[in-house]
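Please keep the sequence and the three-dimensional view at hand while reading.

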Amino acid sequence: MTATAPADLLATIVSATRRIVEVREARQPLDALAKARTRRPRGPAFEAALRAADGVGLPEGARIIAECKRRSPSKGVLRPQYDPAAHARAYAAGGAAAISVLTEPTFFDGDPQHLRDVRAAVEIPLLRKDFIVSEYQLMEAVVLGADAALLIVAALEPRALARLLAQTEALGLAALVEAHSVEEMQQAVDAGARIVGVNSRNLRTLEVNMGVLDAVAERLPAHVTAVAESGIRSSSDLVRLGAAGYHAFLVGERLITEPDPGGALRRLCGR
């Protein structure tokens with residue numbers, strides 16, 4: 001059954017996230033959280049994994065960020081028996097370049113512990129996918145074992161985006177900066193983003209428009225590592241989007257709903 005989303009889902013999630021983060025920070029202040037760091041993130045390794053030149057544009061050489069998520073606001077529960085560590089191991093064995101882990105609890109059934117579990121299970125670069133609005137969440141990402149964090153242009157004021165980008169770099173994280181239009185892509189680049197994810201799904205309405213990927217690709221600067229997100233279903237999608245200029249592809253629903261997510265990844269890429 002398709003889930004019913006609020007009229008402006010993004011605003012609803014961001015508001016809920018701010019409240020949740022306030023509670024966590026009251027329980028464990030930023031200074032105390034920082035003392036729990038045991039490793040430095042491998043942000044450069046995450047970025048390099050997305051831009052490897054071994055056949056970009058061809059299914060077998062596609063660089064996939066495979067996603068672990070239990071639930072989607074648009075589709076409801078995607079995987080009732082959800083074991084992010086096991087799914088991550090399957091993705092790694094299937095040739096994923098990196099793994100994205102949803103940690104947002106209210107709308108995606110995520111949990112920060114899922115990221116910690118995945119880090120213990122695999123060595124490849126990890127992306128914390130959440131609605132990040134504060135430095136506290138970036139420090140959490142470091143402590144939990146992430147190498148990169150998602151920043152969403154539409155969820156942040158320009159000054160906040162620039163500040164969080166600078167903080168990700170200072171912490172050793174890479175930043176995947178998500179845009180949903182040419183204008184948002186330009187805001188990301190102007191703020192200093194080196195990795196730009198172009199999401200064909202409108203986070204306010206949940207509608208998917210694959211034409212967004214083509215429109216933004218035409219305007220992407222050559223120095224930016226471009227990641228296509230949402231709506232990718234087949235090898236032909238990888239071929240078309242690779243030819244348009246995308247270096248990597250974030251794929252979640254297409255894989256996580258399969259009995260064998262790792263096998264689904266291999267089939268998607270013709271491996």
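Which residues in α6 meet which residues in α7? On the side of α6 they are Pro112, Leu115, Arg116 and Arg119, and on the side of α7 they are Ala141, Val143 and Leu144. The model discussed here is a predicted one. By class, this contact between α6 and α7 holds five nonpolar, no polar and two charged residues.

## Helix contacts

The axes of α6 and α7 come within 9 Å and cross at roughly 30°. Helix α7 (residues 135-144) also has a contact with helix α1 (residues 9-27), where the axes come within 10 Å and cross at roughly 65°. Helices α1 and α7 are therefore roughly perpendicular to each other, as angles of 65 to 115 degrees are classed in this way. The crossing in which α1 passes α7 is left-handed.

At this crossing, Thr17, Val21, Arg24 and Glu25 of α1 meet Tyr136, Gln137 and Glu140 of α7. By class, the contact of α1 with α7 has two nonpolar, two polar and three charged residues.

## The barrel of strands

Eight strands form a closed barrel with parallel pairing, in the order β1-β4-β5-β6-β7-β8-β9-β10. From one strand to the next, the twist averages 25°. As background, the strands of a sheet pair through backbone hydrogen bonds, and the pairing may be parallel or antiparallel.

| Strands | Bridges | Sense |
|---|---|---|
| β1 (residues 63-68) and β10 | four bridges | parallel |
| β1 and β4 | four bridges | parallel |
| β4 and β5 (residues 126-129) | four bridges | parallel |
| β7 (residues 174-179) and β8 (residues 195-199) | four bridges | parallel |
| β9 (residues 225-229) and β10 | three bridges | parallel |

Ile99 of β4 can be followed in two directions: Ala66 stands opposite Ile99, and in β5 the bridge partner of Ile99 is Leu126.

Are the residues of strand β4 (residues 98-102) buried or exposed? Five of the five residues in β4 are buried, and the strand is thus described as mostly covered. In a regular strand, the side chains alternate between the two faces of the sheet. In β4, Ala98, Ser100 and Leu102 lie on one side, Ile99 and Val101 lie on the other, and all are buried, which leaves both faces covered. Strand β10 (residues 248-251) also has both faces covered: Ala248 and Leu250 on one side and Phe249 and Val251 on the other are all buried.

His114 belongs to helix α6 (residues 112-121). Because its relative accessibility is 15%, His114 counts as buried. Not counting residues up to four places away in sequence, His114 touches Tyr82, Pro84, Val101, Leu102 and Asp109. Two of these residues, Val101 and Leu102, are among the buried residues of β4.

Asp109, another residue touched by His114, is placed in the loop between α5 (105-108) and α6. With a relative accessibility of 25%, Asp109 counts as partly exposed. Most residues other than glycine have a negative phi. Asp109, however, has a positive phi of about 55° although it is not a glycine.

## The loop between β9 and α11

A positive phi is also found in Ser230, a residue other than glycine, with a value near 75°. Ser230 is placed in the loop between β9 and α11. At 18% relative accessibility, Ser230 counts as buried.

Gly231 is found in this loop between β9 and α11 (235-244) as well. Is Gly231 buried or partly exposed? Gly231 counts as partly exposed because its relative accessibility is 29%, and the class of buried residues requires a value under 20%. Leaving aside neighbours within four places in sequence, Gly231 is in contact with Ser200, Val208, Met210 and Asp237. Gly231 and Arg254 are 23 residues apart in sequence, and their C-alpha atoms are 8.3 Å apart in space.

Terms used
Residues are numbered from 1 along each chain as its sequence is written. This is a predicted model: local features need pLDDT of at least 70, side-chain atom pairs count only at pLDDT 80 or more; totals for chains, interfaces and linings use all residues. Side-chain values use heavy atoms; hydrogens and water are left out. Axes are lines fitted to C-alpha atoms, for helices over the stretch in contact, and angles run from 0 to 180 degrees between N-to-C directions. Angles under 35 degrees count as roughly parallel, over 145 as roughly antiparallel, 65 to 115 as roughly perpendicular and the rest as oblique. A crossing is left-handed if the near helix is turned anticlockwise from the far one by less than a right angle, and right-handed if clockwise. Contact means heavy atoms within 4.5 Å. Ala, Val, Leu, Ile, Met, Phe, Trp, Tyr, Cys and Pro count as nonpolar, Asp, Glu, Lys and Arg as charged, and the others, Gly among them, as polar. Two strands pair if DSSP finds at least two bridges between them. Buried means under 20% relative accessible area, exposed over 50%, partly exposed in between (1.4 Å probe, protein chains only).
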